Amino acid sequence: MRKFRPSLLSGLLVAALVVALAIPAAADLVPRQLQVDAGVEVYIDGNQLDPRDVNGNRVDALLYNGTTYVPVRAVTESLGYDVAWNGADDYAYISSVANDPLAAEYLEEYFAIAPFTGTVSRADFDAALVKVGGTAAEGTGELTVADAVVAAVKAAGMDALAVVYTDADSAKANARIAAYGLAPMAAPTAAYVAAALDAGLASATWDFDGALDAVTASNLLMNVVNVTGQGRNYLGLTTDKDIAAKLRAAFAAIYDFSTLDNEAVQQLWAIGETIVAERATTGFGLKSDDYDARFLDEYTIQYGHSNINHAVQLVALLASEGIEAKVALEPKISIFEYPAYSGDLGTSIEYDMNLEFSSLEDREAFHDLVNPYVTRNMEGNTSSQITGAWLTPCFNSYAAIEGYNEVCDNVISCGKYSLHPFSLPDQVETVSATIDEAVDAFNASLAEGGTPIETEVVPIWCNPAFYVYLQDMAASA
(Lines give C-alpha, C1' and ligand atoms only; values in the text may rest on other atoms or scores of the structure.)
Protein backbone atom coordinates (compact mmCIF):
# COMPACT_ATOMS: atom_id res chain seq x y z
CA MET A 1 0.00 0.00 0.00
CA ARG A 2 1.20 3.46 -0.84
CA LYS A 3 2.26 5.69 2.04
CA PHE A 4 -0.16 8.56 2.34
CA ARG A 5 0.51 12.26 2.48
CA PRO A 6 0.53 13.28 6.16
CA SER A 7 0.47 16.76 7.64
CA LEU A 8 2.92 16.94 10.55
CA LEU A 9 5.50 15.07 12.63
CA SER A 10 3.80 13.22 15.46
CA GLY A 11 6.56 11.30 17.23
CA LEU A 12 10.20 10.22 17.35
CA LEU A 13 11.93 7.12 18.67
CA VAL A 14 15.72 7.16 19.17
CA ALA A 15 17.91 4.06 18.96
CA ALA A 16 21.14 3.73 20.95
CA LEU A 17 23.46 3.34 17.99
CA VAL A 18 26.28 5.91 18.09
CA VAL A 19 28.34 6.62 14.97
CA ALA A 20 30.93 9.21 13.95
CA LEU A 21 30.22 11.17 10.77
CA ALA A 22 32.15 13.78 8.84
CA ILE A 23 29.62 16.64 8.51
CA PRO A 24 30.43 20.02 6.91
CA ALA A 25 30.03 23.05 9.16
CA ALA A 26 27.22 25.29 7.89
CA ALA A 27 29.33 28.42 7.44
CA ASP A 28 32.42 27.22 5.59
CA LEU A 29 31.54 23.66 4.51
CA VAL A 30 34.72 22.34 6.18
CA PRO A 31 34.23 18.72 7.31
CA ARG A 32 34.44 17.97 11.04
CA GLN A 33 33.79 14.90 13.15
CA LEU A 34 30.53 14.66 15.12
CA GLN A 35 29.22 11.96 17.42
CA VAL A 36 25.57 11.28 16.51
CA ASP A 37 22.88 8.75 17.32
CA ALA A 38 21.74 6.94 14.17
CA GLY A 39 18.71 4.74 13.66
CA VAL A 40 16.18 7.37 14.68
CA GLU A 41 12.63 6.37 13.74
CA VAL A 42 10.30 9.13 12.58
CA TYR A 43 6.51 8.76 12.60
CA ILE A 44 4.28 11.13 10.65
CA ASP A 45 0.64 11.07 11.74
CA GLY A 46 0.99 7.51 13.01
CA ASN A 47 2.92 6.08 10.07
CA GLN A 48 6.65 5.37 10.06
CA LEU A 49 8.75 7.43 7.67
CA ASP A 50 10.98 5.43 5.33
CA PRO A 51 13.75 7.92 4.42
CA ARG A 52 15.21 7.41 0.93
CA ASP A 53 17.58 9.45 -1.20
CA VAL A 54 16.91 10.50 -4.81
CA ASN A 55 18.14 7.07 -5.99
CA GLY A 56 15.86 5.18 -3.61
CA ASN A 57 18.59 4.15 -1.17
CA ARG A 58 17.73 3.95 2.54
CA VAL A 59 19.22 6.81 4.61
CA ASP A 60 19.27 7.43 8.36
CA ALA A 61 17.60 10.08 10.44
CA LEU A 62 20.07 11.28 13.08
CA LEU A 63 20.05 12.68 16.59
CA TYR A 64 22.81 15.16 17.50
CA ASN A 65 23.05 17.25 20.63
CA GLY A 66 19.33 16.96 21.35
CA THR A 67 18.18 17.81 17.80
CA THR A 68 16.78 15.34 15.29
CA TYR A 69 18.02 15.65 11.70
CA VAL A 70 15.87 14.11 8.97
CA PRO A 71 16.64 14.07 5.21
CA VAL A 72 14.76 16.95 3.59
CA ARG A 73 13.67 14.87 0.61
CA ALA A 74 12.20 12.11 2.76
CA VAL A 75 10.05 14.44 4.83
CA THR A 76 8.93 16.81 2.08
CA GLU A 77 7.95 14.05 -0.33
CA SER A 78 6.01 12.27 2.42
CA LEU A 79 4.15 15.56 2.96
CA GLY A 80 3.21 15.61 -0.71
CA TYR A 81 5.76 18.26 -1.76
CA ASP A 82 8.51 18.24 -4.38
CA VAL A 83 12.10 19.13 -3.53
CA ALA A 84 14.98 20.28 -5.74
CA TRP A 85 18.66 20.61 -4.86
CA ASN A 86 20.79 23.42 -6.28
CA GLY A 87 24.36 22.12 -6.02
CA ALA A 88 25.91 25.30 -7.39
CA ASP A 89 24.47 27.49 -4.64
CA ASP A 90 24.00 24.79 -1.97
CA TYR A 91 20.33 25.21 -1.27
CA ALA A 92 17.25 23.01 -1.34
CA TYR A 93 13.90 24.29 -2.55
CA ILE A 94 10.60 22.73 -1.49
CA SER A 95 7.49 23.18 -3.63
CA SER A 96 3.90 22.32 -2.69
CA VAL A 97 3.04 21.99 -6.39
CA ALA A 98 3.70 18.27 -6.63
CA ASN A 99 3.67 16.17 -9.78
CA ASP A 100 0.50 14.19 -10.40
CA PRO A 101 1.63 10.63 -11.18
CA LEU A 102 -1.62 10.02 -13.05
CA ALA A 103 -1.53 13.24 -15.09
CA ALA A 104 -0.71 11.54 -18.40
CA GLU A 105 -3.47 8.95 -17.89
CA TYR A 106 -5.99 11.65 -17.00
CA LEU A 107 -5.16 13.77 -20.04
CA GLU A 108 -5.49 10.73 -22.28
CA GLU A 109 -8.85 9.60 -20.84
CA TYR A 110 -10.58 12.98 -20.63
CA PHE A 111 -8.90 15.01 -23.39
CA ALA A 112 -7.63 12.36 -25.84
CA ILE A 113 -4.06 13.62 -25.41
CA ALA A 114 -1.60 10.84 -26.21
CA PRO A 115 1.11 10.41 -23.52
CA PHE A 116 4.27 12.39 -24.24
CA THR A 117 7.69 10.77 -24.43
CA GLY A 118 11.18 12.23 -24.14
CA THR A 119 11.55 15.88 -25.15
CA VAL A 120 8.20 17.39 -26.14
CA SER A 121 8.04 19.21 -29.49
CA ARG A 122 6.24 22.50 -30.04
CA ALA A 123 3.79 20.80 -32.38
CA ASP A 124 2.84 18.12 -29.86
CA PHE A 125 2.50 20.56 -26.97
CA ASP A 126 0.52 23.04 -29.08
CA ALA A 127 -1.89 20.30 -30.15
CA ALA A 128 -2.39 19.30 -26.51
CA LEU A 129 -2.87 22.93 -25.43
CA VAL A 130 -5.70 23.34 -27.92
CA LYS A 131 -7.47 20.29 -26.45
CA VAL A 132 -7.49 21.84 -22.96
CA GLY A 133 -8.71 25.19 -24.30
CA GLY A 134 -5.49 27.07 -25.08
CA THR A 135 -3.69 28.24 -28.20
CA ALA A 136 -0.27 27.55 -29.67
CA ALA A 137 2.86 28.67 -27.80
CA GLU A 138 4.62 31.65 -29.35
CA GLY A 139 8.11 31.36 -30.82
CA THR A 140 10.09 28.84 -32.83
CA GLY A 141 12.80 26.28 -32.20
CA GLU A 142 13.14 24.14 -29.11
CA LEU A 143 10.32 24.62 -26.63
CA THR A 144 11.64 25.40 -23.15
CA VAL A 145 9.75 24.91 -19.91
CA ALA A 146 9.51 28.71 -19.59
CA ASP A 147 7.95 28.97 -23.09
CA ALA A 148 5.42 26.31 -22.17
CA VAL A 149 4.58 28.05 -18.88
CA VAL A 150 3.86 31.31 -20.70
CA ALA A 151 1.44 29.46 -23.00
CA ALA A 152 -0.11 27.66 -20.03
CA VAL A 153 -0.81 30.93 -18.19
CA LYS A 154 -2.67 32.15 -21.28
CA ALA A 155 -4.54 28.85 -21.64
CA ALA A 156 -5.64 29.15 -18.01
CA GLY A 157 -7.04 32.63 -18.72
CA MET A 158 -4.57 34.31 -16.37
CA ASP A 159 -3.11 36.91 -18.72
CA ALA A 160 -4.55 39.65 -16.54
CA LEU A 161 -2.76 38.21 -13.50
CA ALA A 162 0.55 38.22 -15.37
CA VAL A 163 0.07 41.93 -16.13
CA VAL A 164 0.14 42.60 -12.38
CA TYR A 165 3.77 41.46 -12.36
CA THR A 166 4.75 43.59 -15.35
CA ASP A 167 6.86 46.71 -14.97
CA ALA A 168 9.74 48.35 -16.85
CA ASP A 169 12.54 46.20 -15.49
CA SER A 170 10.52 43.18 -14.30
CA ALA A 171 11.47 44.07 -10.72
CA LYS A 172 8.26 42.78 -9.15
CA ALA A 173 8.23 39.61 -11.21
CA ASN A 174 11.84 38.81 -10.40
CA ALA A 175 11.29 39.60 -6.73
CA ARG A 176 8.61 36.92 -6.68
CA ILE A 177 10.78 34.55 -8.71
CA ALA A 178 13.65 35.08 -6.26
CA ALA A 179 11.33 34.15 -3.39
CA TYR A 180 11.08 30.73 -5.02
CA GLY A 181 14.87 30.42 -5.17
CA LEU A 182 15.10 31.05 -8.92
CA ALA A 183 17.43 33.26 -10.94
CA PRO A 184 16.07 36.45 -12.62
CA MET A 185 14.35 36.12 -15.98
CA ALA A 186 13.89 38.54 -18.86
CA ALA A 187 10.60 40.25 -19.69
CA PRO A 188 7.95 39.26 -20.57
CA THR A 189 8.71 35.67 -19.47
CA ALA A 190 9.41 36.77 -15.89
CA ALA A 191 5.87 38.08 -15.39
CA TYR A 192 4.25 34.90 -16.68
CA VAL A 193 6.51 32.59 -14.68
CA ALA A 194 5.94 34.61 -11.50
CA ALA A 195 2.17 34.45 -12.04
CA ALA A 196 2.35 30.73 -12.73
CA LEU A 197 4.34 30.07 -9.55
CA ASP A 198 1.96 32.06 -7.37
CA ALA A 199 -1.16 30.52 -8.97
CA GLY A 200 0.08 26.94 -8.63
CA LEU A 201 0.44 26.38 -12.38
CA ALA A 202 4.18 25.78 -12.17
CA SER A 203 6.61 24.30 -9.67
CA ALA A 204 9.81 26.06 -8.63
CA THR A 205 11.55 22.68 -8.86
CA TRP A 206 11.29 22.76 -12.68
CA ASP A 207 14.20 23.69 -14.94
CA PHE A 208 12.68 26.68 -16.74
CA ASP A 209 15.64 27.08 -19.10
CA GLY A 210 15.63 23.42 -20.07
CA ALA A 211 13.77 21.70 -22.89
CA LEU A 212 10.20 20.69 -22.06
CA ASP A 213 10.15 17.03 -21.00
CA ALA A 214 7.23 14.62 -20.96
CA VAL A 215 6.58 14.63 -17.19
CA THR A 216 6.70 18.42 -16.90
CA ALA A 217 4.47 18.85 -19.96
CA SER A 218 1.84 16.48 -18.58
CA ASN A 219 1.82 18.13 -15.18
CA LEU A 220 1.71 21.64 -16.63
CA LEU A 221 -1.30 20.74 -18.77
CA MET A 222 -2.92 19.00 -15.80
CA ASN A 223 -2.46 22.18 -13.76
CA VAL A 224 -4.21 24.15 -16.52
CA VAL A 225 -7.05 21.62 -16.46
CA ASN A 226 -7.37 21.96 -12.68
CA VAL A 227 -7.20 25.77 -12.60
CA THR A 228 -9.87 26.06 -15.30
CA GLY A 229 -12.23 23.66 -13.52
CA GLN A 230 -12.00 20.87 -16.08
CA GLY A 231 -10.31 18.36 -13.79
CA ARG A 232 -11.36 16.24 -10.86
CA ASN A 233 -14.25 17.48 -8.75
CA TYR A 234 -13.23 16.28 -5.29
CA LEU A 235 -13.19 17.35 -1.66
CA GLY A 236 -9.72 16.23 -0.61
CA LEU A 237 -7.80 13.12 0.40
CA THR A 238 -8.69 10.33 2.80
CA THR A 239 -5.63 11.39 4.79
CA ASP A 240 -6.53 15.09 5.08
CA LYS A 241 -7.24 16.08 8.66
CA ASP A 242 -10.20 18.23 7.58
CA ILE A 243 -11.80 15.67 5.27
CA ALA A 244 -14.61 14.90 7.77
CA ALA A 245 -15.70 18.54 7.83
CA LYS A 246 -15.61 18.70 4.03
CA LEU A 247 -17.71 15.54 3.74
CA ARG A 248 -20.33 16.93 6.11
CA ALA A 249 -20.50 20.24 4.26
CA ALA A 250 -20.90 18.47 0.92
CA PHE A 251 -23.62 16.21 2.34
CA ALA A 252 -25.56 19.25 3.57
CA ALA A 253 -25.65 20.53 -0.03
CA ILE A 254 -27.32 17.31 -1.17
CA TYR A 255 -30.64 18.66 0.04
CA ASP A 256 -30.41 21.44 -2.54
CA PHE A 257 -30.15 18.75 -5.22
CA SER A 258 -33.03 16.71 -3.81
CA THR A 259 -35.52 19.57 -3.92
CA LEU A 260 -34.90 20.59 -7.54
CA ASP A 261 -38.19 21.42 -9.23
CA ASN A 262 -37.05 20.40 -12.69
CA GLU A 263 -39.07 18.88 -15.52
CA ALA A 264 -36.25 16.53 -16.54
CA VAL A 265 -35.98 15.25 -12.96
CA GLN A 266 -39.73 14.71 -12.76
CA GLN A 267 -39.86 12.83 -16.07
CA LEU A 268 -36.96 10.59 -15.19
CA TRP A 269 -38.40 9.92 -11.76
CA ALA A 270 -41.73 8.92 -13.30
CA ILE A 271 -39.99 6.50 -15.65
CA GLY A 272 -37.97 5.09 -12.76
CA GLU A 273 -41.09 4.47 -10.68
CA THR A 274 -42.70 2.73 -13.68
CA ILE A 275 -39.88 0.25 -14.21
CA VAL A 276 -39.64 -0.52 -10.49
CA ALA A 277 -43.43 -1.05 -10.28
CA GLU A 278 -43.19 -3.44 -13.23
CA ARG A 279 -40.34 -5.29 -11.45
CA ALA A 280 -37.89 -4.62 -14.27
CA THR A 281 -35.37 -3.44 -11.68
CA THR A 282 -35.06 -3.32 -7.90
CA GLY A 283 -34.45 0.42 -7.78
CA PHE A 284 -32.36 3.29 -9.08
CA GLY A 285 -30.39 6.38 -8.17
CA LEU A 286 -31.07 9.74 -9.82
CA LYS A 287 -27.95 11.86 -10.27
CA SER A 288 -26.76 15.13 -11.84
CA ASP A 289 -23.62 15.64 -13.93
CA ASP A 290 -22.97 18.81 -11.92
CA TYR A 291 -21.54 16.61 -9.16
CA ASP A 292 -19.57 14.23 -11.38
CA ALA A 293 -16.25 13.42 -9.69
CA ARG A 294 -14.48 13.15 -13.07
CA PHE A 295 -12.12 10.53 -11.69
CA LEU A 296 -10.12 7.90 -13.56
CA ASP A 297 -12.32 4.79 -13.73
CA GLU A 298 -9.30 2.49 -13.57
CA TYR A 299 -8.40 3.73 -10.08
CA THR A 300 -11.88 4.43 -8.70
CA ILE A 301 -14.45 2.68 -6.53
CA GLN A 302 -17.94 4.14 -6.07
CA TYR A 303 -19.45 3.51 -2.64
CA GLY A 304 -23.16 4.11 -2.14
CA HIS A 305 -24.76 4.99 1.21
CA SER A 306 -27.12 7.42 2.95
CA ASN A 307 -25.48 8.08 6.33
CA ILE A 308 -22.73 10.73 6.31
CA ASN A 309 -21.32 9.44 9.61
CA HIS A 310 -20.69 6.19 7.78
CA ALA A 311 -18.67 7.99 5.10
CA VAL A 312 -16.62 9.89 7.69
CA GLN A 313 -15.76 6.69 9.54
CA LEU A 314 -15.02 4.75 6.35
CA VAL A 315 -12.55 7.42 5.23
CA ALA A 316 -10.86 7.34 8.66
CA LEU A 317 -10.65 3.54 8.39
CA LEU A 318 -8.80 3.86 5.07
CA ALA A 319 -6.45 6.48 6.54
CA SER A 320 -5.66 4.16 9.43
CA GLU A 321 -4.36 1.65 6.90
CA GLY A 322 -2.17 4.24 5.18
CA ILE A 323 -4.38 4.29 2.07
CA GLU A 324 -4.53 7.61 0.22
CA ALA A 325 -7.43 8.27 -2.13
CA LYS A 326 -9.14 11.34 -3.52
CA VAL A 327 -12.66 11.70 -2.12
CA ALA A 328 -15.73 13.02 -3.98
CA LEU A 329 -19.38 13.00 -2.96
CA GLU A 330 -22.04 12.64 -5.66
CA PRO A 331 -25.61 13.10 -4.35
CA LYS A 332 -28.44 10.92 -5.58
CA ILE A 333 -32.12 10.39 -4.84
CA SER A 334 -32.83 6.67 -4.63
CA ILE A 335 -35.81 4.37 -4.65
CA PHE A 336 -35.21 0.74 -3.79
CA GLU A 337 -37.03 -2.50 -3.14
CA TYR A 338 -36.00 -5.03 -0.51
CA PRO A 339 -38.73 -7.72 -0.24
CA ALA A 340 -36.28 -10.64 -0.19
CA TYR A 341 -34.78 -9.30 3.05
CA SER A 342 -37.18 -7.01 4.87
CA GLY A 343 -40.23 -6.37 2.71
CA ASP A 344 -39.41 -2.67 2.52
CA LEU A 345 -39.84 -0.27 -0.39
CA GLY A 346 -38.23 3.06 0.27
CA THR A 347 -37.06 6.39 -1.11
CA SER A 348 -34.07 8.18 0.34
CA ILE A 349 -31.50 10.89 -0.17
CA GLU A 350 -28.18 9.11 -0.62
CA TYR A 351 -24.70 9.65 -2.04
CA ASP A 352 -22.08 7.86 -4.05
CA MET A 353 -18.72 8.46 -2.40
CA ASN A 354 -16.14 8.11 -5.16
CA LEU A 355 -12.63 7.11 -4.13
CA GLU A 356 -9.79 7.47 -6.65
CA PHE A 357 -6.89 5.50 -5.20
CA SER A 358 -3.24 6.36 -5.62
CA SER A 359 -2.50 2.85 -6.88
CA LEU A 360 -4.30 -0.16 -8.31
CA GLU A 361 -2.98 -2.17 -5.37
CA ASP A 362 -4.90 0.03 -2.93
CA ARG A 363 -8.05 -0.11 -5.06
CA GLU A 364 -7.93 -3.91 -5.11
CA ALA A 365 -7.32 -4.05 -1.34
CA PHE A 366 -10.47 -2.00 -0.63
CA HIS A 367 -13.02 -4.83 -0.47
CA ASP A 368 -11.19 -7.11 1.94
CA LEU A 369 -10.19 -4.16 4.09
CA VAL A 370 -13.60 -2.56 4.60
CA ASN A 371 -16.11 -5.39 4.07
CA PRO A 372 -15.96 -6.77 7.65
CA TYR A 373 -16.75 -3.31 9.05
CA VAL A 374 -19.48 -2.10 6.68
CA THR A 375 -21.71 -5.20 6.55
CA ARG A 376 -24.17 -6.09 9.31
CA ASN A 377 -25.70 -9.55 9.59
CA MET A 378 -29.37 -10.56 9.46
CA GLU A 379 -29.62 -10.38 13.25
CA GLY A 380 -28.53 -6.75 13.20
CA ASN A 381 -25.32 -7.38 15.13
CA THR A 382 -23.12 -4.30 14.66
CA SER A 383 -20.47 -4.95 17.33
CA SER A 384 -17.60 -4.79 14.82
CA GLN A 385 -19.18 -2.48 12.25
CA ILE A 386 -18.85 1.24 11.73
CA THR A 387 -21.92 3.47 12.07
CA GLY A 388 -24.75 2.77 9.65
CA ALA A 389 -23.53 -0.58 8.32
CA TRP A 390 -25.95 -1.98 5.75
CA LEU A 391 -27.17 -5.53 5.36
CA THR A 392 -26.01 -5.32 1.75
CA PRO A 393 -23.38 -2.63 1.13
CA CYS A 394 -23.02 -1.49 -2.46
CA PHE A 395 -19.69 -0.56 -3.98
CA ASN A 396 -18.73 -0.83 -7.60
CA SER A 397 -16.38 0.26 -10.36
CA TYR A 398 -16.68 1.05 -14.04
CA ALA A 399 -13.40 -0.83 -14.50
CA ALA A 400 -13.08 -4.58 -14.01
CA ILE A 401 -11.76 -5.67 -10.59
CA GLU A 402 -10.82 -9.25 -9.75
CA GLY A 403 -13.36 -10.79 -7.39
CA TYR A 404 -16.15 -8.35 -8.35
CA ASN A 405 -19.10 -9.39 -10.50
CA GLU A 406 -20.08 -7.75 -13.79
CA VAL A 407 -23.60 -6.32 -13.86
CA CYS A 408 -25.31 -3.67 -15.99
CA ASP A 409 -26.00 -0.01 -15.31
CA ASN A 410 -29.07 0.69 -17.46
CA VAL A 411 -28.49 4.44 -17.75
CA ILE A 412 -31.50 6.62 -18.60
CA SER A 413 -30.54 10.25 -19.15
CA CYS A 414 -32.20 13.57 -19.91
CA GLY A 415 -29.74 16.41 -20.34
CA LYS A 416 -27.45 16.50 -17.31
CA TYR A 417 -29.70 14.23 -15.19
CA SER A 418 -29.59 10.44 -15.23
CA LEU A 419 -31.15 7.35 -13.64
CA HIS A 420 -28.98 4.35 -12.79
CA PRO A 421 -30.96 1.11 -12.38
CA PHE A 422 -28.71 -1.96 -12.04
CA SER A 423 -29.54 -5.42 -13.33
CA LEU A 424 -27.93 -8.78 -13.94
CA PRO A 425 -26.53 -9.23 -17.47
CA ASP A 426 -29.06 -11.93 -18.34
CA GLN A 427 -31.90 -9.53 -17.44
CA VAL A 428 -30.81 -6.77 -19.81
CA GLU A 429 -33.20 -7.65 -22.65
CA THR A 430 -36.22 -7.65 -20.34
CA VAL A 431 -35.12 -4.52 -18.49
CA SER A 432 -34.31 -2.67 -21.73
CA ALA A 433 -37.69 -3.56 -23.24
CA THR A 434 -39.53 -2.09 -20.24
CA ILE A 435 -37.31 1.00 -20.18
CA ASP A 436 -37.61 1.55 -23.93
CA GLU A 437 -41.39 1.38 -23.81
CA ALA A 438 -41.55 4.12 -21.16
CA VAL A 439 -38.86 6.24 -22.86
CA ASP A 440 -40.42 5.92 -26.33
CA ALA A 441 -43.76 7.08 -24.96
CA PHE A 442 -42.16 10.14 -23.41
CA ASN A 443 -40.10 11.05 -26.47
CA ALA A 444 -43.12 10.69 -28.75
CA SER A 445 -44.99 13.29 -26.70
CA LEU A 446 -42.01 15.65 -26.48
CA ALA A 447 -42.62 19.19 -27.68
CA GLU A 448 -40.39 20.58 -30.42
CA GLY A 449 -37.07 21.74 -28.98
CA GLY A 450 -37.45 19.61 -25.86
CA THR A 451 -34.65 17.42 -24.51
CA PRO A 452 -35.20 13.75 -25.41
CA ILE A 453 -34.48 10.93 -23.00
CA GLU A 454 -31.67 8.60 -24.04
CA THR A 455 -30.66 5.15 -22.84
CA GLU A 456 -27.38 3.24 -22.65
CA VAL A 457 -26.32 -0.03 -21.06
CA VAL A 458 -22.95 0.35 -19.33
CA PRO A 459 -21.00 -2.55 -17.77
CA ILE A 460 -20.14 -2.07 -14.11
CA TRP A 461 -18.48 -4.37 -11.58
CA CYS A 462 -20.02 -4.68 -8.10
CA ASN A 463 -19.01 -6.27 -4.80
CA PRO A 464 -20.11 -9.91 -4.27
CA ALA A 465 -22.70 -9.07 -1.58
CA PHE A 466 -24.60 -6.69 -3.83
CA TYR A 467 -24.44 -9.21 -6.65
CA VAL A 468 -26.13 -11.77 -4.39
CA TYR A 469 -28.79 -9.17 -3.58
CA LEU A 470 -29.48 -8.66 -7.30
CA GLN A 471 -29.73 -12.44 -7.75
CA ASP A 472 -32.17 -12.75 -4.84
CA MET A 473 -34.29 -9.91 -6.18
CA ALA A 474 -34.37 -11.49 -9.65
CA ALA A 475 -35.44 -14.81 -8.16
CA SER A 476 -38.26 -13.16 -6.19
CA ALA A 477 -39.62 -11.24 -9.19
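**Note on strand and helix packing in a predicted model**

1. In this structure, which is a predicted model, strand β11 (residues 300–305) is joined by three bridges to strand β14 (residues 394–397), and the two strands run antiparallel. Within this pairing, Gly304 stands opposite Cys394 of β14.

2. Is β11 mostly covered or mostly open? The strand is mostly covered, since six of its six residues are buried. In a regular strand the side chains alternate between the two faces of the sheet. In β11, Thr300, Gln302 and Gly304 point one way, whereas Ile301, Tyr303 and His305 point the other way, and the residues of both sets are buried.

3. Turning to the helices, two packed helices are described by the angle between their axes and the distance between the axes. Helix α4 (residues 145–155) packs against helix α7 (residues 189–199) at an angle of about 65°, and their axes are 9 Å apart. Because angles of 65 to 115 degrees count as roughly perpendicular, α4 and α7 are described as roughly perpendicular to each other. The crossing in which α4 passes α7 is left-handed.

4. Which residues of α4 and α7 meet? From α4 come Ala146, Val149, Val150, Val153 and Lys154, and from α7 come Thr189, Tyr192, Val193 and Ala196. Sorted by class, this contact of α4 with α7 has seven nonpolar residues, one polar residue and one charged residue.

5. The contact between α3 and α8 brings Phe125, Ala128 and Leu129 of α3 together with Ala217, Leu220 and Leu221 of α8. By class, the residues in this contact of α3 with α8 are six nonpolar, with no polar and no charged ones.

6. Two loop residues also deserve a look. Apart from neighbours within four places in sequence, Thr144 is in contact with Phe208, Asp209, Gly210, Ala211 and Leu212.

7. Asn99, by contrast, sits in the loop between β8 (91–95) and α2 (103–111) and is partly exposed, with a relative accessible area of 36%. Although Asn99 and Leu220 are 121 residues apart in sequence, their C-alpha atoms are 9.0 Å apart in space; Leu220 is also one of the α8 residues that meet α3.

Definitions and conventions: Residues are numbered from 1 along each chain as its sequence is written. This is a predicted model: local features need pLDDT of at least 70, side-chain atom pairs count only at pLDDT 80 or more; totals for chains, interfaces and linings use all residues. Side-chain values use heavy atoms; hydrogens and water are left out. Axes are lines fitted to C-alpha atoms, for helices over the stretch in contact, and angles run from 0 to 180 degrees between N-to-C directions. Helices (H or I, at least four residues) and strands (E, at least two) are DSSP runs, numbered from the N terminus. Angles under 35 degrees count as roughly parallel, over 145 as roughly antiparallel, 65 to 115 as roughly perpendicular and the rest as oblique. A crossing is left-handed if the near helix is turned anticlockwise from the far one by less than a right angle, and right-handed if clockwise. Contact means heavy atoms within 4.5 Å. Ala, Val, Leu, Ile, Met, Phe, Trp, Tyr, Cys and Pro count as nonpolar, Asp, Glu, Lys and Arg as charged, and the others, Gly among them, as polar. Buried means under 20% relative accessible area, exposed over 50%, partly exposed in between (1.4 Å probe, protein chains only). Two strands pair if DSSP finds at least two bridges between them.
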